[in-house]
Amino acid sequence: MTAFRSFSSHVLALAGLLILSPAARADPTQYPLTIRNCGVDVTFAKAPQRAVAIGQSSTEILLSLGLADRIVGTAVWFGPVLPAYEAANARIPRLADNDPSFEAVVGKEPKLVTAQFEWHVGPQGSVGTREQFAGLGIPTYVSPADCVEKDNSGGGDGVRKQLFSMDLVYQEIRDLARIFDVADRGEALVADLRRREAAAIASVAGARLDNVPMVFWFSSKEVAGEAFVAGKNGVPAWILQQLGARNVITTEEEWPLVSWERIAAANPAIIVMAEMSRRRYAADDTAVKQHFLATDPVASQLEAVKHKHFVVMDVQAMQPSIRAVDGIEAVARGIKSFGLGG
């Protein structure tokens, strides 16, 4: 089993202290600054001093940019914060583990609200719409990875119309860095993530992975029922495309519910499981996932289960975030350790 534990590069931004190469230098932000974000123009007269981050990825990007002192509230957490930021994050009020109320967010008097998912802050925002926040003079920023070529109007996790790209996360890093006038930190963070991404791809270069089918298992409402697995255009699909491997699921839905009979028919060589501390669904627990795979009459017959070809990955690495690079590293390590694709 290949466990996900990588966080090394994130210390790059701890306490906002970055060692910058000449290529990472960037000009200071000129205010007023207007950024086009998910179809909305957002204008800042100056760098925000108070921000609420709705979404673990949104929080971790701000922390990676050395902006812990600007975050006055967070919400929507799937697991522990990156280890490098435990101390800083412990001092930030958590408004809710899941969806915070509109009143709780507004009560922190933010000058910016960032959101990882459009379903929290968007046209049908469960926390609030962008218009509601704008009516109070509070600008909002939604992760481009959750709105570019993605339809969230039908509920659920949305439908992604084209393959995810880390360029969307890099855009978010750069946008937020410009908003807070720390563009040089943003460039340094992007450069480091790109370097790691390229190294992971190079580590399996030459392997024949087109015949190595994989499935990414997020969770299940009922352990023995249908599983939430990754569709063909999300972060897991991007990971496989970069490495040259194949996803057994071909639907555009972000996280479709799929039967184990259908998964068994594709017979994946590797099963990647999401690890999280959240306990909303029965199969959120990785130990529960593995017990099911070992005992279920159908799942136990999969090649991946027979050979214990499991990669356990932090759930944030399966979602558009800076941890997606941790995800590609984890899958590359798994492929090499299992001796597949040779």
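**Packing in a predicted model**

Visitor: What do the buried residues of helix H7 pack against?

Guide: In this predicted model, the buried residues of H7 pack against helix H5 (166-179), helix H6 (183-203), strand S11 (213-219), strand S13 (246-247) and helix H11 (324-338).

Visitor: What makes helix H7 mostly covered, and which of its residues are buried?

Guide: Helix H7 spans residues 235-243, and seven of its nine residues are buried. These are Val235, Pro236, Ala237, Trp238, Ile239, Leu240 and Leu243. After H7 comes Gly244, with a positive phi near 85°.

Visitor: Why is Asn247 called buried?

Guide: The relative accessible area of Asn247 is 11%. Buried means under 20%, so Asn247 is classed as buried. Asn247 lies in strand S13.

Visitor: Which backbone oxygens does the side chain of Asn247 reach, and what makes these polar contacts?

Guide: The side chain of Asn247 reaches the backbone oxygen of Ala230 at 3.4 Å and that of Gly231 at 3.0 Å. A polar contact requires N or O atoms within 3.5 Å, one able to donate a hydrogen and the other to accept it; both distances therefore fall within the cut-off.

Visitor: Which residues are in contact with Asn247, leaving aside its neighbours within four places in sequence?

Guide: They are Met214, Ala230, Gly231, Lys232, Ala237 and Leu240. Ala237 and Leu240 are also among the buried residues of H7.

Visitor: Why is strand S16 said to be largely enclosed by the rest of the structure?

Guide: Five of the five residues of S16, residues 310-314, are buried, so the strand is largely enclosed. Both of its faces are covered: Phe310, Val312 and Asp314 are buried on one side, and Val311 and Met313 on the other.

Visitor: How do you know that strand S15 pairs with S16?

Guide: Pairing requires at least two bridges between the strands. Five bridges join S15 (residues 270-275) to S16, so the two strands count as paired. They run parallel, and Val312 in S16 is the bridge partner of Met273.

Visitor: Which residues touch the most other members of the largest nonpolar core?

Guide: In this core of 87 residues, they are Ile173, Ile179, Leu243 and Val331. Not counting residues up to four places away in sequence, Ile179 touches Tyr31, Leu33, Ile35, Phe44, Ala47, Pro48, Leu112 and Tyr141. A second, separate core has 19 residues, including Ala227, Trp260, Ile271 and Ala283. In soluble globular proteins, nonpolar side chains tend to be buried together.

Notes: Residues are numbered from 1 along each chain as its sequence is written. This is a predicted model: local features need pLDDT of at least 70, side-chain atom pairs count only at pLDDT 80 or more; totals for chains, interfaces and linings use all residues. Side-chain values use heavy atoms; hydrogens and water are left out. Buried means under 20% relative accessible area, exposed over 50%, partly exposed in between (1.4 Å probe, protein chains only). Helices (H or I, at least four residues) and strands (E, at least two) are DSSP runs, numbered from the N terminus. Contact means heavy atoms within 4.5 Å. A nonpolar core is a set of buried Ala, Val, Leu, Ile, Met, Phe, Trp, Tyr and Cys residues joined through side-chain atoms within 4.5 Å.
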